[in-house]
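Here is a briefing on one protein chain. Look over the sequence and the model first, then read the notes by topic.

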Amino acid sequence: MPSNVNELRPKAAETEKITVNLGYVDLGHVDLMVQEGFYSNRTDFIRTAIRNQLERHADVVKQSTVRKGLDLGLRNYSRADLEAARRAGEMLHINVLGLASIAQDVTADLARATIGSVSVLGALHASPTVKAALADRTR
């Protein structure tokens, strides 16, 4: 690799796949809206519907986020963050609405020693061993 090129780490997925079960008539309505050109595909329709509902209830969501002390968006926890917490004798309490990510080089022992609780509304990205180590602390 040339010396002026830096290899980037792989980009984390910005979406999470979900499954939605719809009745045949509702699905037919969605397909009709796509066929008539209102939406480019089923996914576009569903994303738009979800965003409209979130916007409709934005005030309630904002109040709940503040009341529950949730970090909003993307929150990364590096090995250095956890080691600093361990040196300070602190336990972290992860409360995230969005994506919480624990670095892949964090060991299960380090996670258990520094993370007191995990509450994520959205997605938690961590190694399988770290997730298993924190299973009893995850809500």
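Buried means under 20% relative accessible area, exposed means over 50%, and partly exposed is in between (1.4 Å probe, protein chains only). By that scale Asn41 is partly exposed, with a relative accessible area of 35%. The model is predicted: local features need pLDDT of at least 70, side-chain atom pairs count only at pLDDT 80 or more, and totals for chains, interfaces and linings use all residues. Residues are numbered from 1 along each chain as its sequence is written, and side-chain values use heavy atoms, with hydrogens and water left out.

**Sheet**

- Helices (H or I, at least four residues) and strands (E, at least two) are DSSP runs, numbered from the N terminus.
- Two strands pair if DSSP finds at least two bridges between them.
- An open sheet is formed by 3 strands in the order S1-S2-S3, with parallel pairing.
- Strand S1 (71-77) and S3 are the edge strands, and each pairs on one side only.
- On average, neighbouring strands of this sheet are turned by 40 degrees against each other, direction ignored. Axes here are lines fitted to C-alpha atoms, for helices over the stretch in contact, and angles run from 0 to 180 degrees between N-to-C directions.
- Strand S2 (residues 92-102) runs parallel to S3, and 10 bridges join the two.
- Leu97 has Leu121 in S3 as its bridge partner.
- In general, strands of a sheet pair through backbone hydrogen bonds, either parallel or antiparallel.

**Ser119 in strand S3**

- Ser119 sits in strand S3 (residues 115-125).
- Ser119 is buried, at a relative accessible area of 15%.
- Contact means heavy atoms within 4.5 Å. Neighbours within four places in sequence aside, Ser119 is in contact with Ile94, Asn95, Val96 and Arg139.

**Salt bridges**

- A salt bridge is a side-chain nitrogen of Lys or Arg within 4 Å of a carboxyl oxygen of Asp or Glu. The count by this rule is 4 salt bridges.
- One of them joins the side chains of Asp31 and Arg42 (2.7 Å, N to O). Asp31 lies in helix H1 (residues 24-35) and Arg42 in helix H2 (residues 42-56), so this pair ties together parts 11 residues apart in sequence.
- Asp31 is partly exposed at 29% relative accessibility. Arg42 is also partly exposed, with a relative accessible area of 40%.
- Glu83 forms a salt bridge with Arg79, with the closest N and O atoms 2.9 Å apart. Both are in helix H4 (residues 79-88); they are 4 residues apart and so separated by about one helical turn.
- An α-helix has 3.6 residues a turn, so residues three or four places apart point the same way.
- Glu83 is partly exposed, at a relative accessible area of 24%. Arg79 is partly exposed too, at 31% relative accessibility.
- Arg112 forms a salt bridge with Asp136; their closest N and O atoms are 3.0 Å apart. This pair links distant parts of the chain, 24 residues apart: Arg112 is in helix H5 (residues 108-114), and Asp136 is in the segment after helix H6 (128-133).
- Arg112 is partly exposed, with a relative accessible area of 32%, whereas Asp136 is exposed, with 58%.

**Ala133 and helix H6**

- Ala133 is placed in helix H6.
- Ala133 is buried, with a relative accessible area of 12%.
- Leaving aside neighbours within four places in sequence, Ala133 is in contact with Ala108 and Arg112.

**Rings**

- Rings of Phe, Tyr and Trp (its six-membered ring) pair if their centres lie within 6.5 Å; planes under 30 degrees apart count as stacked, over 60 as edge-to-face and the rest as tilted.
- The structure holds 1 aromatic pair. Tyr39 and Phe45 form this edge-to-face pair, at 5.0 Å centre to centre and 85 degrees between the planes.
- Phe45 is partly exposed, at 22% relative accessibility.
- Arg75 lies over the face of Tyr77, 4.2 Å from the ring centre. A charge sits over a ring if NZ of Lys or CZ of Arg is within 6 Å of the ring centre and within 35 degrees of the ring normal.

- Asn41 lies in the loop between H1 and H2.
- Asn41 and Val30 are 11 residues apart in sequence and 8.7 Å apart in space, C-alpha to C-alpha.
- Helix H3 (residues 58-67) has 10 residues, of which 1 is buried, so it lies largely in the open.
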